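Please look at the sequence and the model before we discuss them together.

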Amino acid sequence: MARRIMPLFRILLVALGALGQGAGAAKASGWPRAEMRPAIAMHGDPASVPDLAHRRYVNPDAPKGGRLVLGASGTFDTLNPFVVRGLPVPGARQYLHETLLTRGHDEPFTLYPQVARGLEVPDDRSWVIFHIDPRARFSDGKPVTAHDVKFSHDLLRTRGRPNHRTYYGKVTGVDLIDDLTIRFDLAGANDRELPMILGLMPILPRHAIDPETFEETTLTPLLGSGPYVVGEMRAGESITLRRNPDWWGRDLPINRGLFNVDEIRFDFYRDSNTLFEAFKKGLVDSRVESDPGQWATGYDFPAMREGRITRETIRQGTPKGIRGFAMNTRRAIFADARVREAIGLLFDFEWTDRNLYSGGFERTQSLFEGSDLSARGRPADEGERALLARVEANVREDILGGSYSVPASDGTGADRSRLREAIRLFEAAGWVLKAGVLRNRATDQPFAFEMLVATREQERLALTFQRFLRRAGIAATVRNVDAVQYDRRLREYDFDMVDYRWWNTSLSPGNEQAFYWGSAAGRQPGSRNLPGIADPAVDRLVEAIVEAKTRDDLVAAARALDRTITSGFYMVPLFHQPTQWIARWNHVGMPAESSVFGYLTETWWRRDASGAAQR
């Protein structure tokens, strides 16, 4: 780990810390205070208490011990998940690094104690004070203090991922009240989610991180305070996490039934097919399936027939997530919304779902598909219409009235009515079909672009879309690149169109929506605003989501955002799984009930670890 801190930075850090402590000591008696609470909900009150015996979605009596082997496609080249550069190990952050507070996974957005034992926050949420648990320790045994919290905030605000820089940049002041108490001033932010965003801030050790090299890729583990530490590693191929026997939080009630195995190994495979073969041979303990065709017909192999593998279908209570062919509006060819809408009309979901995926997918038509936050099929009420008018949003009348849906095709893969409508839109935008080639009316340049993919599954889908596009005279090439290049090109927005699915949605959307769709995010490398949306109305609607004081306010703002982005046709909406599909070898135990968010690997255990466990 990087233990060398630049002398100048150390001097500055110590000086600033001393000033902060002095100011804190001087001002502590003058600051307003609030009753310390153990938990906080985004809207309403927490549904539980931190010392609850256990949560519904865990097995409190799960045996401890054994190893869990998880598989992933692709590779990794860094152990720092908090910066833009590099490919981190997916899912490892939760095992290595703790946050001030932790989610309750049966509520839309409620946080309970982790590194912090409690917090103070006023009704207007214009400041927040966190009280660090005096028992909290990093894995090297050194205590976690308020100084580490301030160091983490300052480091991530200036050198972290774009979302960290955006969120933590809203903080107007940080004061150290004492070694275990820190105050964040949020005056003027008008962001009711910000205390919770800070509660989810990972806490990094100031004594073991060099800020000057923090943004570089590294295979040296970052010191954390979580339940595991990094063990063996084969660069890009495999990494093993080992339970820290001295983990300070192992006896906290909030952690009962979690982090049950002694070792978690992540093995990386070239592609999903190779990974599936490894699962069939027992080299990987579980598989999260994303191909409905394979889920329906691909599990007829000996271990399955012999009953040594169990398949689970898990229904989530959260929005289904978004996957789409994102069009980069930074490219002139996609600047016109009529062009983007026409391209969407050319994708035949009905044919694709039946022929590529055995009819197992459902079409995604909303940012918040499958929840009350979705505008699909719901006319805007007076409050939502007033909000849309106030932010001057450009929303089509059929989308405003709730009657719009993505047009269904006849399922032949050659729907003439959809093609005619697409050609009409292209012509209105200045593109005409000449001798089978779509050309710009003014320049005679052909309509051509590249679709960027990184996996065989993406390539298969892109080649199918390529065939649909060809019917309208569009020359779309498919470029398959490795995971590292794919990540770099997305980070730098160096693509025309890309198959993307990492716009994660929840029942309590907030600041992340600015990272997904905001104008400022679209100008920063590494955001998820891949389409390059730069709409002031979208920015103001994201602010309305963040500022919502009630659930009704949140629903109205989310639906307004949904309608506005739908009206922009920034992506070709693809599809989603109606449920989660998981296969596991029988020596892996899972709780009888799942969380609102679906499966959680940290709740699993080895049945043969120290005696059988009942599901």
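Predicted model: local features only at pLDDT ≥ 70, side-chain atom pairs only at ≥ 80, totals over all residues.

How many cavities of 30 Å³ or more does the count come to? The count comes to six. A cavity here is a set of points, on a 1 Å grid over the protein atoms alone, where a 1.4 Å probe fits but cannot get out; lining residues have an atom within 4 Å of a point. Grid points are joined across faces, edges and corners, and a volume is the space filled by probe spheres set on the points. In general, rolling a probe the size of a water molecule over the atoms shows where empty space is left.

Residues are numbered from 1 along each chain as its sequence is written, and side-chain values use heavy atoms, with hydrogens and water left out.

Let us turn to the largest cavity. It holds about 310 Å³ of space. Its lining consists of 23 residues, and those nearest its centre are Val406, Thr566, Phe569, Met571 and Pro573. By class, 12 of the lining residues are nonpolar, five are polar and six are charged. Nonpolar covers Ala, Val, Leu, Ile, Met, Phe, Trp, Tyr, Cys and Pro; charged covers Asp, Glu, Lys and Arg; the others, Gly among them, are polar.

Which elements supply at least two residues each to this lining? They are β14 (322–327), α9 (337–345), α19 (551–568) and β21 (571–573). Helix α9 gives the most, with four residues. Helices (H or I, at least four residues) and strands (E, at least two) are DSSP runs, numbered from the N terminus.

Two strands pair if DSSP finds at least two bridges between them; β13 and β23 (residues 580–585) are joined by six. Within this pairing, isoleucine 309 stands opposite tryptophan 585.

A second open sheet has four antiparallel strands, ordered β5-β6-β8-β7. Here the edge strands are β5 (116–120) and β7 (173–178). Four bridges pair β5 with β6 (residues 127–132), and alanine 116 stands opposite isoleucine 132.

Is leucine 204 buried or exposed? Leucine 204 counts as buried because its relative accessibility is 0%; buried means under 20% relative accessible area, exposed over 50%, and partly exposed in between, with a 1.4 Å probe and protein chains only. Leucine 204 lies in the loop between α5 (194–199) and β9 (228–234). Not counting residues up to four places away in sequence, its contacts (heavy atoms within 4.5 Å) include Phe82, His97, Phe138 and Phe214.

Threonine 603, in the loop between β24 (588–589) and β25 (605–606), is likewise buried, at 2% relative accessibility.

Terms used: 1 Å grid on protein atoms, 1.4 Å probe; cavity = no way out; pocket = protein on both sides within 12 Å on 5 of 7 lines; lining within 4 Å.
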